[in-house]
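Thank you for sending this model for comment. My notes are set out below as numbered points, to be read alongside the sequence and the coordinates.

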Amino acid sequence: MGVVNVTPDSFSDGGRFLEAGAAIDHGLALHAAGADILDIGGESTRPGATRPLVEEELARVVPVIGALAEAGAVVSVDTMRADVAAAALDAGATIVNDVSGGLADPAMLDLVAARAATYIAMHWRAHADHMGEFTTYDDGVVAGVRAELSARLAAMSAAGIDPARIVLDPGLGFAKQGAQNWQLLRGLDALAELGFPLLVGASRKSFLGTLLAAPDGTPRPVDGREAASTALGVLLAQRGVWGLRVHDVRATRDALAVWQAMEGATHDR
Ligand code: PMM
């Protein structure tokens, strides 16, 4: 899954693709580089971010989704709002990527059920402006995320969402402190046991910046985290995750091709 953030302030690429034409060109490039899905988002969820108005979010994502779906890409909309999801599905998206797993908007699960969309439900506890206050997990982060995702699955089932259309996501960086992200990644099997495909968004996140910090402790800036993101993507693919949400699709595709060649999964060349 290739990331197309149509936002002024995302941590990884904020402001670069705010203009629709630039976002569409970027999406087309990710599609050409081998992305199976393009994920279009109009709300930054970086720690501390404030929310855009719904009109603003709609104006950012709908034209981009329309153009990319028209070009033949499978499109997901990265939104927590049912109204934005509805407009995105009307514009040609087929997947709703809701970082709140249905918690932010009470209308979301019913909408997804009614429209028979594929639903990516991420683990989430609070909006970005105060999620840093919710990083306590009494039984450890793996057990906590698993229990809270199970509760969301019950809500999805009650709303009538087809289980065959559900994907779960551990929500790296969302109400998680640095080390908790590594604990979650190591404990991914416990989430896989819930019986649903997993999507993981690790690309360029701050726990990688911390891992790669300079000797004086300065975190590695976002644009220096690509090799680590790609390496982690391969390890996750080897563990059987269904999807990787990444910024550099070409690097990820190349790394996956190397892994598959080593496994003998591709023709010998
Ligand atoms: N991370 C971000 C945004 N959307 N969606 C899913 N499903 N999983 C994630 O981990 C996720 C997401 C924040 O990262 P960005 O600012 O690079 O988009």
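The points below take up the sheet, the ligand surroundings and some side-chain contacts.

1. This is a predicted model, in which local features need pLDDT of at least 70 and side-chain atom pairs count only at pLDDT 80 or more, whereas totals for chains, interfaces and linings use all residues. Residues are numbered from 1 along each chain as its sequence is written, and side-chain values use heavy atoms, with hydrogens and water left out.

2. Six strands make up an open sheet in the order S1-S2-S3-S4-S5-S6, with parallel pairing; strands here are DSSP runs (E, at least two residues; helices are H or I, at least four), numbered from the N terminus, and two of them pair if DSSP finds at least two bridges between them. Strand S1 (2-5) and strand S6 (166-169) stand at the edges with a single partner strand each, so one side of each is left without a neighbour in the sheet.

3. Strand S5 (residues 118-122) runs parallel to S6 and is joined to it by four bridges. Within this pairing, alanine 121 has leucine 168 in S6 as its bridge partner.

4. Around the ligand there are 18 residues, counted where a heavy atom lies within 4 Å of the molecule; those that come nearest are Asp78, Asn97, Asp169, Lys205 and His247. Taking polar contacts as pairs of N or O atoms within 3.5 Å (within protein, one must be able to donate a hydrogen and the other to accept it, and residues adjacent in sequence count only if both atoms are side-chain atoms), a polar side-chain atom of aspartate 78 lies 2.8 Å from a ligand nitrogen atom, and one of histidine 247 lies 2.8 Å from a ligand oxygen atom. Glycine 201 has a backbone N or O atom 3.4 Å from an oxygen atom of the ligand.

5. A search of the whole structure finds one aromatic pair (ring centres within 6.5 Å, using the six-membered ring of Trp; planes under 30 degrees apart are stacked, over 60 edge-to-face, the rest tilted). Tryptophan 182 and phenylalanine 207 form this edge-to-face pair, at 5.1 Å centre to centre and 80° between the planes, and the pair links helix H6 (residues 178-186) to helix H8 (residues 206-211), the two residues being 25 apart. Phenylalanine 207 is buried, at 3% relative accessible area, whereas tryptophan 182 is partly exposed, at 24% (buried is under 20%, exposed over 50%, partly exposed in between; 1.4 Å probe, protein chains only).

6. Serine 229, in helix H9 (residues 226-238), counts as buried at 8% relative accessibility. A polar atom of the serine 229 side chain lies 2.7 Å from the backbone oxygen of arginine 225.
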